Amino acid sequence: MEQSPEHSPEESKTAEIVTDLARPEDVLPGQLLLLPLEKKPFFPGQVLPVIMEARKWNKVIKNLFKSGNPVLGVVYTGGVAPDKVKWTDFKSMGTVCKIHQVEQQDNQLHVVLAGMQRFQVNSWASRKQPFSAYVSYFPDLKPKETMEIKAYTTAIVNIIKELLPLNPMYGEELKMFLNYFGPGEPSRLADFGASLTTANAGELQAVLETVDLLPRMEKTLVLLQKEVEIAKAQTEIRAHVESEITQHQREAFLREQLKFIQKELGISKDDRTAEIEEFRDKLKGCQVPEHANKRIEEEIDKISVLERGSPEYTVTRNYLDWLTSVPWGKHSRDSLDLKKAAAILDRDHEGLKEVKDRILEFIGVGKMRGEIAGSIILLVGPPGVGKTSLGRSVANALGRKFFRFSLGGMQDESEIKGHRRTYIGAMPGKFIQALRESETANPVIMLDEIDKIGSSYRGDPASALLEVLDPEQNRDFLDHYLDVRVDLSNVLFICTANQLDTIPGPLMDRMEVMRLSGYLADEKVAIARKHLLPKQLERAGLKKRGQLRVDTAAIRKIIEGYAREAGVRKLEKQLGTIARKAVMKILKRKKTPIHVKAGDVEEYLGKPVFTDEDRIKGTGVVTGLAWTSMGGATLDIEATRAHDFSRGFKLTGQLGDVMKESAEIAYSYVVANAQSLGVDPEFFKNSMIHLHVPAGATPKDGPSAGITMASALISLARNKKVKQSLAMTGEISLTGQVLPVGGIKEKVIAARRMKIRNLILPHANKGDFVELPEYIRKGVKVAFASTYDDILQKIF
């Protein structure tokens, strides 16, 4: 490729086309303002409309016009947006353009550019917007007409002629080209032919960068030939689609004729009669109540006289479809075999003895009565303890159909009670949908995440549930869409929640609460062995025993180091990670079976998330027990003397209002009774006490840390550490009374999980502890306290 010599600002400010006489428009500047093009390159001889941001470009364009030679260069930037483009994104060659028209509309400049000739960037004058560079030009000199040029010109013209009948848009562009140029200008023709194609930007840039005419015409010819093939393929596809549509129209017309002939001969019924018979067939075997049957007959009479094409016909037909889809009086037979039910519950779930016993009691009462009446059960517990799967197991044990839907985030009461039929797209609520899908009037319906239900301007779903979950009202449940009373009294409703605080009181009052606490380490090991590991092996495509073996010691290490939460979801994820990594080893031809021992766990899962050193120790540090929606947890409460410049009490750790008050009560109690608690009364006189509850990013609230805070303050003041492996929970009053708290089971399980064996609990919670299963109480020493004096004797 021959290129003109480079220009520098010192040598020359212009690059001129040397002829006998230089026209003003032929004199082009050596330094050129550059405009980035994102989509594709621009060729000489083309007209390009451009929209610019007036704030950035108005002054620049005005200066160009003042110079008497309003030109700028346009360069392709490889798909980089103009506002993000850097000087390194610009291609080496572009097209210099003359500015023909400028109009400002609002904050935009509408500019029309006309391509003049190629240029090459030699060096950069400005590497920031607006970009400018020193350039050299490649003017389109009239070539000597040779046989090769003539042959290529004829070939390009012939291919363009082939394109014209395939796409009318090509004709419009050709007219515009012929207005300014003719076939006798092969350079312009080559550029025009390339711009006519839908080739990618890289191929077009290659044509732009080819200065020599013959190679450029050859590249254009290749692109045009590809375009002809694409256009022909599009034409064939269009013709095929049109013929298919014509064939379908013909078939539809013949089908309508056939229907009419069959109807005239009495061979078949029309669609309306067939639909009415279908509705009546759906009701066979149903015990439809009188009020519902009356409504169905009225709607059938209405649909018999309506025109099939009318909107009312469609609305009535859909309404009848729903009315006849309700399983009126159809009940599945309950399985009341207690041994079978116990076996199913034990097969699907490990532990949860109290909940299983309560469910078996429920089935036993049904067996005595001969039937299981509708009931509302609420399963409350942290995530991953098996609430949803327990509901499915209950359905299996009873031999009933199971339907589940989530109430989490639901804000529209129409989801519960259905839409009015006046709305377009109206449909019944979830409960009627559940009856239709289960095809029985006594399914098990699970309402998941009832504690996360919302409310909005569209209504309050929690209030709508009051009717559904009331055994005295749901025998006459009224869905807004059906507008017919439906009996839900035989449905067994099972709800799930992580906490009770957000459930409205009237709704809570209608449900029987069953609590599911977290699992102990031994229970998690059994669950992993029987349920989680086989499931993960199946998901990974591994044979149960032949390819991967995980030791019990390894599972225990995973539980203690990576999955200490109340449920088993994290444990399942960690086992899934081991299974996936084992698959990768097998695919790399490693010998099977792969045996994962306790020492191999870190190789698969990395460093443990939890370690025994995680607990904070020292003077002024006491471990408390807390209840959260995720289960029980331990809290290491810290107290320190920040300085002795002035007296004060500071709290940190994202504490809620109740917990702040509890801390202030503990502080007041310790200061007021310092002497009797063995604390120097002078200690608090000029001390700034700082009490912190890690972790600082986790919100905390509640009164149950009162005695823990008081103990931390006493430990600080006496400069004496409390006993190791000791944790406590209880509310404290200003007079030193230890008041009862909730969540005793979850807190004891959390203590066992952290290997803490000595606990201090309020005396009023003794009954709650005694009711705990033996396997939870085993090995735990508990001291019950009525006043703080009882605690003081135990902590040092």
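Me: Where is Asp334 placed, and what makes its pairing with Arg400 a polar contact?

Reply: Asp334 sits in the loop between helix H9 (311-325) and helix H10 (338-348). Helices (H or I, at least four residues) and strands (E, at least two) are DSSP runs numbered from the N terminus. The side chains of Asp334 and Arg400 approach to 2.8 Å. A polar contact requires a pair of N or O atoms within 3.5 Å; within protein, one must be able to donate a hydrogen and the other to accept it, and residues adjacent in sequence count only if both atoms are side-chain atoms. The Asp334 to Arg400 pair is therefore called a polar contact.

Me: On what basis are such features reported?

Reply: The model is predicted: local features need pLDDT of at least 70 and side-chain atom pairs count only at pLDDT 80 or more, while totals for chains, interfaces and linings use all residues. Residues are numbered from 1 along each chain as its sequence is written, and side-chain values use heavy atoms, with hydrogens and water left out.

Me: Which residues does Asp334 touch, apart from those up to four places away in sequence?

Reply: They are Ile372, Leu398, Arg400 and Asn442. Contact here means heavy atoms within 4.5 Å.

Me: Why is H10 called roughly antiparallel to H12?

Reply: Two packed helices are described by the angle between their axes and the distance between the axes. The axes are lines fitted to C-alpha atoms, for helices over the stretch in contact, and angles run from 0 to 180 degrees between N-to-C directions. For H10 and helix H12 (residues 387-398), the angle is about 155° and the axes are 9 Å apart. Angles under 35 degrees count as roughly parallel, over 145 as roughly antiparallel, 65 to 115 as roughly perpendicular and the rest as oblique. H10 is therefore roughly antiparallel to H12.

Me: Which residues make this contact between H10 and H12?

Reply: H10 contributes Ala341, Ile344, Leu345 and Asp348, and H12 contributes Leu390, Ser393, Asn396 and Ala397. These divide into 5 nonpolar, 2 polar and 1 charged. In this division, Ala, Val, Leu, Ile, Met, Phe, Trp, Tyr, Cys and Pro count as nonpolar, Asp, Glu, Lys and Arg as charged, and the others, Gly among them, as polar.

Me: What makes H17 oblique to H19?

Reply: The axes of helix H17 (residues 521-539) and helix H19 (residues 569-587) come within 9 Å and cross at roughly 45°. That angle falls into the remaining class, so H17 is oblique to H19. Lys524, Ala528, Leu532, Leu533, Lys535, Gln536 and Arg539 of H17 meet Leu571, Glu572, Leu575, Gly576 and Ala579 of H19. The contact of H17 with H19 comprises 6 nonpolar, 2 polar and 4 charged residues.

Me: Is Thr388 buried, exposed or partly exposed, and how do you know?

Reply: Thr388, which lies in helix H12, has a relative accessible area of 26%. Buried means under 20% relative accessible area, exposed over 50%, and partly exposed in between (1.4 Å probe, protein chains only). Thr388 is therefore partly exposed. Its side chain also makes a polar contact with the side chain of Asp448, at 3.1 Å.

Me: What makes Asn498 buried and Leu141 exposed?

Reply: Asn498, in the loop between strand E14 (492-497) and helix H16 (505-508), has a relative accessible area of 11% and is therefore buried. A polar atom of the Asn498 side chain lies 3.0 Å from the backbone oxygen of Gly381. Leu141, in the loop between E8 and helix H2 (147-163), reaches 62% and is therefore exposed.

Me: Why is helix H4 described as largely enclosed?

Reply: In helix H4 (residues 186-196), 11 of the 11 residues are buried, so H4 is largely enclosed by the rest of the structure. Among them are Arg188, Asp191 and Phe192.

Me: What are the phi values of Asp483 and Lys755, and how exposed are Asp483 and Lys755?

Reply: Asp483 has a positive phi of about 55° although it is not a glycine. Phi of Lys755, likewise a residue other than glycine, is near 60°. Asp483, at 39% relative accessibility, counts as partly exposed, and Lys755, at 47%, is partly exposed.
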